[in-house]
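Subject: Handing over the structure

Hello,

Here is the structure I promised to pass on to you. Please open it alongside this email, and my notes on what was found follow below.

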Amino acid sequence: MLCLRQTGNLKHYKAACYSTLVPSDEVTVNYRYGLPVVTLMLPSRKERCQFTVKPMLTTVGTFLQDIQKEDKGIQRAEVFTTDGSKIPATALMEVLLMNDFKLVINNTTYSVQVPVKEKWSREHATEAEDIKSLVHRLFIALHLEDHQLRRERELLQKLDHLREQLVPLEQMKAKIATSADAKTNRLLWTGLALLSTQGGALAWLTWWVYSWDIMEPVTYFITYGSALAFYAYFVLTKQDYVYPDVKDRQFLHYFYRKSRSQHFDVEQYNKLKEALAEVEESLRRLHQPLHLQLPIQEINDKD
């Protein structure tokens, strides 16, 4: 082979200079059952070997490694384009088989011609993908009802199982919540009684025992002490002293303390409630018209 053309890569240039060009019939590409089959002569074993390639999965590097595994005497295996540019090992065989190429094994260069059939199938690849998508949609449409029935049956069984687990926990929770609510209400009424007692005591000391001149500093420090107590509550809880929030906080305190004494697993109860909500949401979505392929009812705004 005469070296009259220099490529952009010096390595490619050397490969072209010292390799022997072999006719294209030594390496052939044919199609069998829709897959390309590369047939070539192994230099050491002196026998023809066929390699079936999956174009969209096999890379050029994997293809060359398979050739070297078949013939241990192959020290060098590379692929070049017809103009001498090296094709990287990470390229897919689908890209390689789009055009003719050169296969270099040791010091021999094989000129490989890709059949026209592959070029024709590439032009109709989009049409084939559309057909696959249509078949997939038809399959879903024919089997959608059976799938939804199986899915609904599974969800209903899971729903019944979760409800059975929650029945004893719900009964125990109701008892604990009733007890905690009663204690919280007693605490609120106790606070009202103490404030009423404090107001009555201050009035009695002001008008019957002492005078306002004496009780004024006392009421001032009582007010200051109350403000200090509210601020301490904010520092400890990071919440404002709002009566509904204080009531809820005290209720939870009594509820968790009672739960520990009654061996009520709050974490397990919350997990079951979350799982139950997820199953109910799945059933609701399964029954929507879009999932059942039913016409959507129009929503008429009332005047």
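Let's start inside: the largest nonpolar core has 27 residues, and Leu40 and Leu103 are those with the most contacts within it. (A nonpolar core is a set of buried Ala, Val, Leu, Ile, Met, Phe, Trp, Tyr and Cys residues joined through side-chain atoms within 4.5 Å; buried means under 20% relative accessible area, exposed over 50%, and partly exposed in between, with a 1.4 Å probe and protein chains only.) At least two residues of this core come from each of strand E2 (28–32), strand E3 (35–42), E4, H2, strand E5 (77–81), helix H3 (93–96), strand E6 (101–105) and strand E7 (108–112). H2 gives the most, with 4 residues. Helices (H or I, at least four residues) and strands (E, at least two) are DSSP runs, numbered from the N terminus.

Which residues does Leu40 touch, leaving aside neighbours within four places in sequence? Its contacts (heavy atoms within 4.5 Å) are Glu26, Val27, Glu47, Arg48, Cys49, Phe51, Ile67, Leu103 and Ile105. There is also a second, separate core of 18 residues, which includes Ala177, Tyr254, Tyr269 and Val279.

A word on the source: this is a predicted model, in which local features need pLDDT of at least 70 and side-chain atom pairs count only at pLDDT 80 or more, while totals for chains, interfaces and linings use all residues. Residues are numbered from 1 along each chain as its sequence is written, and side-chain values use heavy atoms, with hydrogens and water left out.

Taken as a whole, the protein chain has 9 helices and 7 strands. Of its 303 residues, 25% are buried. Among contacts between residues at least 6 apart in sequence, 56% join residues at least 24 apart. The chain exposes about 22,000 Å², and carbon and sulfur atoms supply 57% of that area; accessible areas come from the Shrake-Rupley method with a 1.4 Å probe, and for residues only the protein chains shown count as cover.

Next, two spans from a record. The unreviewed UniProt entry annotates residues 187–206 and 218–236 as "transmembrane region"; such annotations may be inferred rather than shown by experiment. In the model, residues 187–206 are 100% helix and 0% strand, with the end C-alpha atoms 29 Å apart. Residues 218–236 are likewise 100% helix and 0% strand, and their end C-alpha atoms lie 27 Å apart.

Now for some single residues:

- Thr58 sits in the loop between strand E4 (47–52) and helix H2 (60–70). Thr58 counts as buried because its relative accessibility is 16%. Not counting residues up to four places away in sequence, Thr58 touches Val53, Phe63, Leu92 and Met93.
- Ser85 is in the loop between E5 and H3, and is partly exposed at 36% relative accessibility. Ser85 and Lys102 are 17 residues apart in sequence, and 9.7 Å apart in space from C-alpha to C-alpha.
- Lys238 lies in the loop between helix H6 (212–237) and helix H7 (243–262). Lys238 is not a glycine, although it has a positive phi of about 60 degrees, and it counts as exposed because its relative accessibility is 62%.
- His263 belongs to the loop between H7 and helix H8 (266–286). The phi of His263 is also positive, near 60 degrees, and His263 is exposed, with a relative accessible area of 72%.

I hope this helps you find your way around.

Best wishes
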